[in-house]
Amino acid sequence: MPAFFKAIDKLKPVYDWTYKIILFICKLLLIGDILITSWSVAGRFIPFITDPHWSEEIVLTLMVYMAVLSATLAIRKRAHIRMTAFDKFLPKRVLQVLDLLADLAVLALGVGLVVYGIKFCNSPLSVRGKYASIPTLSKFWQYLPIPVAGVGMIIFELEQVFQHIEAFFVKEEKKEAA
């Protein structure tokens, strides 16, 4: 079993690379949000700057992308809100099992987001629907964050699940060696 976990540990650079790319995309989305919002606000109050009619829908779409992508980053860093009120009263092994179950549930959510998100992205509402302020832009782009977030969740939850499983076997091997 240790050879399996050593092979899985070799994937850490892939997880790190994926994390950095998603973080960079989130930074670009935030910059885009700030620039478009500033342009829109300036266009309302400064006479020679025009307020783009499409700014609100694009800003909201960028915010959705940023929210779901940053949620996947929080999974990797274990920064999501968790109920930990009873953690100090439970045995350590029970906590490990509960953490594993929680991560498996989030992994299942990620799979659901991918499956149903792809179906929704291919639905007539998504393909034929258009933004109100930009009639040439398909609503597909508004619904795409759903499966994208699912893929990110799956990637980072697999890492978490393998770490939990490894923790079970590492402890058992230490006990056997003693």
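Visitor: Is cysteine 121 buried or exposed?
Guide: Buried. This is a predicted model, and in it cysteine 121 has 3% relative accessibility. The cut-off for buried is under 20%.

Visitor: And cysteine 26, buried or exposed?
Guide: Cysteine 26 is buried too, with a relative accessible area of 7%.

Visitor: How many disulfides, then?
Guide: The count is 0.

Visitor: New topic. What sort of surface patch does Val94 belong to?
Guide: A nonpolar one, about 740 Å². Its members include Phe86, Phe89, Leu90 and Leu104.

Visitor: Where does valine 94 sit?
Guide: In helix 4, residues 92-121. Valine 94 is partly exposed, because its relative accessibility is 36%.

Visitor: What about helix 3: how far apart are its end C-alpha atoms?
Guide: They are 32 Å apart. Helix 3 has 23 residues, 55-77, and at 1.5 Å a residue it should span 33 Å, so the two values agree.

Visitor: What comes just after helix 3?
Guide: Arginine 78, with a positive phi of about 55°.

Visitor: Which helix has the lowest confidence?
Guide: Helix 1, residues 2-9, with a mean pLDDT of 79. Confidence is highest in helix 2, residues 12-45, at 94. The protein averages 88, and 95% of the residues score at least 70.

How values were computed: Residues are numbered from 1 along each chain as its sequence is written. This is a predicted model: local features need pLDDT of at least 70, side-chain atom pairs count only at pLDDT 80 or more; totals for chains, interfaces and linings use all residues. Side-chain values use heavy atoms; hydrogens and water are left out. Helices (H or I, at least four residues) and strands (E, at least two) are DSSP runs, numbered from the N terminus. The expected span of a helix is 1.5 Å times one less than its number of residues. Patches are made of residues with over 30% relative accessible area and no salt bridge: like charges are joined within 9 Å, nonpolar side chains (Val, Leu, Ile, Met, Phe, Trp, Tyr) within 5 Å. Accessible areas come from the Shrake-Rupley method with a 1.4 Å probe; for residues, only the protein chains shown count as cover. A salt bridge is a side-chain nitrogen of Lys or Arg within 4 Å of a carboxyl oxygen of Asp or Glu. Buried means under 20% relative accessible area, exposed over 50%, partly exposed in between (1.4 Å probe, protein chains only). pLDDT is the predictor's confidence in each residue, from 0 to 100. A disulfide is a pair of cysteine sulfur atoms within 2.5 Å.
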